[in-house]
Amino acid sequence: MANEDVEVARGYHERTKHSEERLRASPHHLDWENQPVPFKLYRDLEAIPLPRQLEPGTVSALRAISALVGQETEPTEQVPGPQALARVLYYSAGITKVKRSPGGDVYFRAASNTGALYHVDLYLACRDLPDLPAGIYHFGAHDFTLRRLRVGDYRGAFIEAAGVEPSLAQAPVVVASASTYWRNAWKYRERAYRHAFWDGGTLHANLLAVAAAQGLAPKVVTGFADRDVEHLLGLDPAREGALALVPLGRTAEPPVPAPDAHVLNLETEPLSAREIDYPAIRELHSASSLEHGEEVARWRGVALRRPEPDPLSELFPLRPLAEADWPAEPLESVILRRGSTRRFDVSRFLTFEELSTALAVATGSIPADFTDDRESSLLDLYVIAHAVEGLPLGAYYLRRAERALELLEQGEFRAIAGRLGLFQELPAAAGANVYCLADLEPILARFGNRGYRAAQLEGGIVGGRLYLAAYALHFGATGLTFLDDEVTEFFSPHAEGKSVMFLMALGRTVRRSPAPRSRGHSSPRPRQ
Ligand SMILES: Cc1cc2nc3c(=O)[nH]c(=O)nc-3n(C[C@H](O)[C@H](O)[C@H](O)COP(=O)(O)O)c2cc1C
């Protein structure tokens, strides 16, 4: 079976690594004339407006991110209405800011995204809901509407494709996500397949938090028969790939058998004058695909156990703020304030309490089908601390079980962090850099090529949570790209054999003079 031929994921990862030599040998010049539009625009479908007046949020960001809400009770019936759906869609994939510029306006979204290219779209499959008949819908971020792709209740087909994943089987709504590769590959070429999961990950960090805050019991389902899901969504498998399914809400009523799903031939506007195909993306997507529900059910099986090595040096126990001292600002308001920090202030420190809180919240359990208990994760986190009050300068490994940072090497590593973060100023100036690494071999052995998708996605979710936690705590953050092997070498021998899945820089932001970046656009206006 293709998924077990893990040479494909290994090969893709290897060939898409950044190194100084490769960056020199293969510079990429952007063809601005051929820049793709950042939206999927259907030609002939009627737009169904979503409610634009969004109720203010009530759950604080840190509580929502760490999923400390919605677990208290197990409601048998929790059916999202139009307001709840609008909130989930807006705060995970909606337009939150517009930057007007002579070269063209940039529509910034709720979650960070490599190059602000926004190649990940959301879809809904639902039964009859208040004000929304059963169907499969596409979320149009550009005009804050839904467009119906299919009429009828197709949840049964998604449940079957996902090997009867129990959380899906009880949900009145399933949110699906998919990348249109070219929208990102225009700039990042073959690496766009990594980016599908990073950017899908930051989006899902928001989605999980917003949905949890509304008691909708979300879970990231990464195992499904790809061809079936892509057929249901009407995706073009040569250009688009489904990423994840997320159930929203609960219902005791089992879904009716899904109607037949004919081939959808829905026309969309061309993204740009011409598209370049990157076969390595299609090859890995296909090699990490699962064929049918039974294969998915076998794939899901048991989670990966990853024993932690014994500590070899001094431990610095995390000192997260007590929950009672967490900022009360609602999640939605933090999402509207979030952005990527463009300049860190080297003269101002983070506190160890702030860093600890962000790390603790970001590494809280992720409800997903590749993690079977509250503690399991595919990632190991490493940290370089440059300016953290209460923590010596140095390189650290996060010991999840002990909730402590293990000192790997003491020292001032600003210059090397700048180099590791692709020679940028941001990681050198940050207060701390957090590297998410994965030991890919056991992951591939357990999950096949699909494990590669899951590890990258988890990197994106942890990164997305770090963004939100940083903004909730009133400091700055930005995702970064990196020199793959040099990061591993830097943290070795501890990190020997591991691969970088995500890099986040955290620190105090230098305030810029107000830029012409307006908030709100014509998208929903949250009530203040
Ligand atoms: C995975 C990832 C990698 C990123 N890498 C970089 C980077 O190397 N340098 C940089 O300046 N910004 C980087 N960014 C930030 C994006 O440029 C930013 O998210 C995007 O422009 C949207 O802006 P916003 O985050 O302010 O909404 C990265 C973001 C993500 C999610």
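I looked up which element gives the most to the shell around the ligand, and it is S17, with three residues. Strand S17 covers 476–480, and helix H8 (192–213) also supplies at least two shell residues. Helices here are DSSP runs of H or I with at least four residues, strands are runs of E with at least two, and both are numbered from the N terminus.

A note on the source: this is a predicted model, where local features need pLDDT of at least 70, side-chain atom pairs count only at pLDDT 80 or more, and totals for chains, interfaces and linings use all residues. Residues are numbered from 1 along each chain as its sequence is written, and side-chain values use heavy atoms, with hydrogens and water left out.

Next I checked the polar contacts (N or O pairs within 3.5 Å). A side-chain N or O atom of Arg338 is 2.8 Å from a ligand oxygen. Gly479 puts a polar backbone atom 3.2 Å from a ligand nitrogen. For Thr481, a polar backbone atom is 3.1 Å from a ligand oxygen. The protein covers 88% of the 620 Å² of accessible area the ligand has on its own (Shrake-Rupley method, 1.4 Å probe).

Then I turned to helix H17, residues 449–472. From first C-alpha to last I get 35 Å, close to the expected 34 Å (1.5 Å times one less than the number of residues). Is H17 buried or exposed? I found 24 of its 24 residues buried, so H17 is largely enclosed by the rest of the structure. Buried means under 20% relative accessible area (1.4 Å probe, protein chains only). After H17 comes His474, with a positive phi near 65 degrees.

Key:
Polar contact = N/O pair within 3.5 Å; in protein donor to acceptor, adjacent residues only side chain to side chain. Buried < 20%, exposed > 50% of the residue type's maximum accessible area, 1.4 Å probe, protein only.
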